[in-house]
Structures are given as C-alpha cells and as structure tokens.
Amino acid sequence: MKRFYFRHVPAAGPLSSFMACVGASLMIAAVLYIGDVVKAPMIVASFGATAVLLFATPASPVSQPINVVAGHFIAAGIGLVLAKCLVDNHVLAGLSVGLSIAAMMLLRITNPPAGATGLVAYMTHPGWMFLLFPVLFGCIALIIFATVFHRLRGVEYPLAPK
C-alpha cells in the first residue's frame with residue numbers, strides 16, 4: 001500500500017521552490033507579453049505543465065529543449081492531421097494523445113505536456129498556423145527564457161550530451 005502514497009520526488013528546499021515559482025511566473029508572463037507585441041498567440045494551456053518541467057525538474061530528460069520543442073510540435077501536428085482528415089469522435093480524440101505518445105517515444109523526444117497539445121489541436125481545430133503560433137515559436141520562447149534564467153542562477157540547463 002505504501003507504494004501508492006510514497007513520494008519519490010526528492011525534497012525541494014524553500015529557495016528552490018521559490019525560484020521555480022519566480023521563473024515559471026516570469027516566463028509565462030514574458031511569453032504572453034511577446035505574443036501581445038507580435039500580435040500572435042504564443043501560449044497554449046499545456047505550456048503551464050511545461051513550465052513545471054522547466055523550473056521544477058530542469059535536469060529531467062523530458063525537460064530538455066528537443067523534447068519540449070519537438071514533442072509539442074509533433075503532437076500538435078498529429079492532432080491537426082486527425083482533426084482535418086477524419087470525423088470527430090472520442091476514439092480519435094484518444095488517438096490524438098496515443099499517437100502523440102507513440103511518436104514521441106519512437107523519436108526519443110517525450111514531453112508529457114505535449115500530449116495535451118495534441119489533444120487541444122484535435123479538439124479545437126485551430127488551423128495549420130497553430131504549428132507556428134503558438135506551438136513552435138512559443139516553445140522556442142519558453143526554452144530561451146528557461147535557459148537564460150537557469151544560467152543566471154548557475155543551474156545547468158540544458159544538460160550537456162553524455
């Protein structure tokens with residue numbers, strides 16, 4: 001029974017928690033501001049979960065730039081293809097997530113929040129520009145911000161190849 005409530009995530013101190021809060025808050029606000037300036041959407045709701053990865057677990061493989069950018073992009077593309085080519089139904093909504101997961105795993109670019117991006121693309125039918133704004137350019141902005149923020153703090157991000 002203990003395996004259901006045991007916390008595997010290492011304890012984070014108050015300073016780390018505070019800095020994750022500051023980084024994520026500033027990043028989302030900055031990317032929204034950039035969207036206002038360029039008059040294009042730069043945020044999708046799943047970027048909130050991406051912020052958790054980028055600031056609470058920057059050393060995780062799923063938090064690395066290729067996983068964030070390519071994971072969201074591939075998942076959005078899958079969701080859009082399913083939305084454009086097939087009739088809406090619950091099975092296809094599920095497939096937008098399932099195929100996104102399979103593609104990310106096969107390409108070694110898994111990013112958990114990206115599964116939601118594929119579902120959003122399928123359910124909202126936003127059009128092909130969704131791949132660029134907010135997905136591609138929004139993810140690039142997230143990565144740039146996270147990289148600068150972490151480096152200013154002396155935190156290694158992104159991780160060096162092994």
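Against which helices do the buried residues of α1 pack? They pack against α2 (46-56) and α6 (132-153), contact meaning heavy atoms within 4.5 Å. The model is predicted, local features need pLDDT of at least 70, side-chain atom pairs count only at pLDDT 80 or more, and totals for chains, interfaces and linings use all residues. Residues are numbered from 1 along each chain as its sequence is written, and side-chain values use heavy atoms, with hydrogens and water left out.

**View 1. Helix α1 and its buried residues.** Helix α1 (residues 14-38) has 25 residues and spans 36 Å from first to last C-alpha, close to the 36 Å expected at 1.5 Å a residue (1.5 Å times one less than the number of residues). Helices are DSSP runs (H or I, at least four residues), numbered from the N terminus. Met-19, Ala-20, Gly-23, Ala-24, Met-27, Val-31 and Gly-35 are buried (under 20% relative accessible area, 1.4 Å probe, protein chains only). Lys-39, which follows α1, has a positive phi near 60°.

**View 2. The contact of α2 with α5.** The axes of α2 and α5 (residues 112-124) come within 8 Å and cross at roughly 175°; axes are lines fitted to C-alpha atoms over the stretch in contact, with angles from 0 to 180 degrees between N-to-C directions. The two helices are therefore roughly antiparallel (over 145 degrees).

**View 3. The contact of α3 with α5.** Helix α3 (residues 65-85) packs on α5 at about 25°, with the axes 7 Å apart. This angle makes α3 roughly parallel to α5 (under 35 degrees). Among the α3 residues that meet α5 are Gly-71, His-72 and Ala-75.

Terms used
Buried means under 20% relative accessible area, exposed over 50%, partly exposed in between (1.4 Å probe, protein chains only). Angles under 35 degrees count as roughly parallel, over 145 as roughly antiparallel, 65 to 115 as roughly perpendicular and the rest as oblique.
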